[in-house]
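Here is a briefing on the structure below. It goes topic by topic.

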Amino acid sequence: MSVARMQEIQICFGKQKQADIATANTGVQMWQLRKLNATLANPKLNTENDAEEFGKGHEFPTQSFQTSWDVNGTLEKYLGAEIGAWAMAFGLGKVVKSGTTPNFTYTCTPLFPANGDAAELPYFSFVEQIRPGAGIVVDRMAVGCVVEGWSISIGSGPGRANSKITVEFVGSGKTTEPSGVTMPAATLEKLLPSASLALSINGVNYVSNKNIVSLETSWKNNVRLDGGFYPGSGFQTPGDGASGAIRGRLEFGNRQGTLRFVARFENGSTELTKLKSQATGTAVLALTYDANNSLEITWHKVSFASAEVGETDGIVTVSVDCLPMWDETNGIVSAVAKCNVDGICQ
Amino acid sequence: MTETVLMRSPEGEVQEVEATPAKIVPLMVRGWRQVTDEEVTPDVRRADAGNPDLLR
């Protein structure tokens, strides 16, 4: 038998959302995208034993029990229009789709239960395969996954690595092996390069003044993992109480958004002044491949939480942490993602 | 022609809304969600829509 190398791994996951946490995506609802990290979304079986139970005459375990299942994973990718749209839709949770081929537009916002939205995020299935079929090495599907968070980093430099996205996800614990999914053809992805950035924060256009060095923005759902196990949440094998419990819901907790950036600091730079005055404004960052493929993220009200002058490669720079705040009209954040692909999170 | 989407409020009101972030995002934040044509009966979308002959 030949050795299996990690380059062989293929992943596909729900482009469309699942009907509910327990109903897996079908193959036609999935897409195959490539990734940069070798990490696998290994299902983890949690066990307990009877070591602490009295009546055995000793302190040693005599039995172990399958109690529950966890699944989590990370996708690291060059930022493209497709994964950008997917991460915004599944990560924020609320989507309005407009447009027609080849220009679909996904307007995404977080869910707000106070206004009647669900507290559960949209679910998707995640498949990993290495030589599925007769020579199977890995072929499994995690059902009922949600996006725990995404992080976008933009840097200076010519390569693709200067525009990346990392998506973390967690699952209900339900897995299917073999997956039963025929891997769809790889999706052609449109890179959203760092050089396409448009950036305006708190009244300053950091691209036109040529001062932006790097930025990072992220969203974290802080999913209530333990809250997924409730009386009746179910088992890995339905009806088999010894097969380990799985989650019956995945709700977000206290969500957090971040935006930080490094810019050149020169005469007239306003970051320290705005820190002292706690001035607020919008922060809009946009990355574009072409007219039909782009991503624009708007933090609707930010102030500067910290601003420290330092250096980057011998140039005086200022490192700013923004505080995203609630705006009465537009909420905290929205994303407008355009791409050629229909049906994302629908 | 400006593209529109159908949005439904938490109270059930349906509106045809210009598909721009400036119009959509404030509604989404207030609990409105997108609905499809199939989810909306013709006379909800437009007072004079539908075929009254079908009712006879």
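A residue counts as buried if 20 or more other C-beta atoms lie within 10 Å of its own, as exposed if 12 or fewer do, and as partly exposed in between. A:Asp50 has 14 other C-beta atoms within 10 Å, so A:Asp50 is partly exposed. The model is predicted.

**The loop at A:Asp50**

- A:Asp50 sits in the loop between strand 3 (43-49) and strand 4 (64-78) of chain A.
- A:Pro61 lies 11 residues from A:Asp50 along the chain, yet their C-alpha atoms are separated by 5.2 Å.
- Beyond the neighbours within four places in sequence, the contacts of A:Asp50 are A:Pro61, A:Thr62 and A:Gln63.

**Helix 1 of chain A**

- Helix 1 of chain A covers residues 81-92, which makes 12 residues.
- From first C-alpha to last, helix 1 of chain A reaches 16 Å, close to the 16 Å expected at 1.5 Å a residue.
- The helix is mostly covered, with 12 of its 12 residues buried.
- Among the buried residues are A:Glu82, A:Trp86, A:Phe90 and A:Leu92.

**The nonpolar core**

- In soluble globular proteins, nonpolar side chains tend to be buried together.
- Here the largest nonpolar core has 90 residues.
- A:Ala89 and A:Ala337 have the most contacts inside this core.
- A:Ala89 is one of the buried residues of helix 1 of chain A.
- Leaving aside neighbours within four places in sequence, A:Ala337 is in contact with A:Ala81, A:Gly84, A:Ala85, A:Met88, A:Tyr106, A:Cys108 and A:Leu295.
- A:Ala81, A:Gly84, A:Ala85 and A:Met88 are among the buried residues of helix 1 of chain A.

**Where chain A touches chain B**

- The contact involves 16 residues of chain A and 13 residues of chain B.
- On the chain A side, strand 5 (93-100), strand 6 (103-110) and strand 17 (333-339) of chain A each give two or more residues.
- Strand 5 of chain A supplies the largest share, five residues.
- By type, the chain A side divides into three nonpolar, 10 polar and three charged residues.

**Chain B: overall make-up**

- Chain B has two helices and three strands.
- Along the sequence, chain B follows the pattern β-β-α-β-α.
- Of the 56 residues in chain B, 14% are buried.
- Among contacts in chain B with a separation of 6 or more, 37% join residues 24 or more positions apart.

**Chain B: the sheet and its helix**

- Which order do the three strands of the open sheet in chain B take? The order is 2-1-3, and the pairing is antiparallel.
- Strand 2 (14-18) and strand 3 (33-35) of chain B each have a single partner strand, so one side of each is left without a neighbour in the sheet.
- Neighbouring strands of this sheet are turned by 50 degrees against each other on average, direction ignored.
- Strand 1 (residues 4-8) and strand 2 of chain B run antiparallel and are joined by five bridges.
- B:Val14, in strand 2 of chain B, is the bridge partner of B:Arg8.
- Helix 1 (residues 21-29) of chain B packs on the sheet and touches strand 1 and strand 2 of chain B.
- The direction of helix 1 of chain B makes about 145 degrees with that of strand 2 of chain B.

Methods. Residues are numbered from 1 along each chain as its sequence is written. Chains are lettered from A and ligands numbered from 1 in the order in which they are written. This is a predicted model: local features need pLDDT of at least 70, side-chain atom pairs count only at pLDDT 80 or more; totals for chains, interfaces and linings use all residues. Two residues are in contact if their C-beta atoms, placed from the backbone, lie within 7 Å. Helices (H or I, at least four residues) and strands (E, at least two) are DSSP runs, numbered from the N terminus. Ala, Val, Leu, Ile, Met, Phe, Trp, Tyr, Cys and Pro count as nonpolar, Asp, Glu, Lys and Arg as charged, and the others, Gly among them, as polar. A nonpolar core is a set of buried Ala, Val, Leu, Ile, Met, Phe, Trp, Tyr and Cys residues joined through C-beta atoms within 7 Å. Two strands pair if DSSP finds at least two bridges between them. Axes are lines fitted to C-alpha atoms, for helices over the stretch in contact, and angles run from 0 to 180 degrees between N-to-C directions. The expected span of a helix is 1.5 Å times one less than its number of residues.
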